[in-house]
Amino acid sequence: MITAVSDPVWRVRFTRAELPVPSSPLPGMAQFCAAWPGWLAESGVEPGTPFLVSPSFGFDVVLNGFFREPTMRAAAATTQSGYARNVAAFLSFLWSARDRRSWRDASEDDHLAYLVWRRRDPDGPRVAGATWDREVAAVNRFYRWAVRRGQVQRNPVPQVTRRPAGFGAGWAGARMWDE
């Protein structure tokens with residue numbers, strides 16, 4: 001299905017083990033399709049790995065590298081898919097409501113505007129708290145990954161540290177709310 005370029009959403013797609021060969025392929029396309037499974041294996045991309053495509057059909061290699069990081073690759077397919085959909089939803093918001101803002105330029109103000117739209121705006125989706133928490137966790141994990149790799153200066157998701165736990169609280173007392 002062809003989508004209009006004006007459709008302001010980031011799309012989630014998944015790598016396929018094999019590519020279909022068109023009945024009248026362009027020159028070189030049949031060889032490309034035949035070589036695809038070997039390239040996937042050589043590149044370490046598992047079939048079913050999610051990737052995002054921008055509303056203008058762009059593929060951001062850095063952004064999609066997040067789905068190839070070891071902890072993401074080790075996650076269940078449903079977790080990978082959920083993270084991809086949650087990140088795509090935030091990026092779609094940046095595109096449509098924040099003047100096509102790049103994920104690299106997102107700020108805490110953008111995240112706050114997303115919160116208001118997702119949870120409180122009468123014309124927004126008004127998602128439940130658990131849904132919002134899951135979405136924020138996915139977007140936060142993506143941006144923490146991007147900050148660690150020097151792709152962005154700051155995470156647009158505000159980081160709030162828990163109060164110190166009492167004696168004997170264990171490892172949970174040292175964690176952050178966003179983890």
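Buried here means under 20% relative accessible area, with exposed meaning over 50% and partly exposed in between (1.4 Å probe, protein chains only). The model is predicted, so that local features need pLDDT of at least 70 and side-chain atom pairs count only at pLDDT 80 or more, whereas totals for chains, interfaces and linings use all residues. Residues are numbered from 1 along each chain as its sequence is written, and side-chain values use heavy atoms, with hydrogens and water left out.

Helices are DSSP runs (H or I, at least four residues), numbered from the N terminus. Three of them are listed here.

| Helix | Residues |
|---|---|
| α4 | 77–97 |
| α5 | 108–120 |
| α6 | 129–148 |

Helices α4 and α5 pack at an angle of about 105°, with their axes (lines fitted to C-alpha atoms over the stretch in contact) 11 Å apart. That makes α4 roughly perpendicular to α5, a term that covers angles of 65 to 115 degrees. Where they meet, A89, F90, F93 and L94 in α4 face D110, H111, A113, Y114 and W117 in α5, contact meaning heavy atoms within 4.5 Å.

In α6, the buried residues include W132, E135, V136 and F142, and what covers the buried residues of this helix includes α2 (61–65), α4 and α5. E135 counts as buried because its relative accessibility is 5%. Leaving aside neighbours within four places in sequence, E135 is in contact with N86, Y114 and R118. Just after α6, G150 takes a positive phi of about 75°.

Methods
Axes fitted to C-alpha atoms, helices over the stretch in contact; angles between N-to-C directions. Helix = DSSP H or I, 4+ residues; strand = E, 2+ residues; numbered from the N terminus. Parallel < 35°, antiparallel > 145°, perpendicular 65-115°, else oblique.
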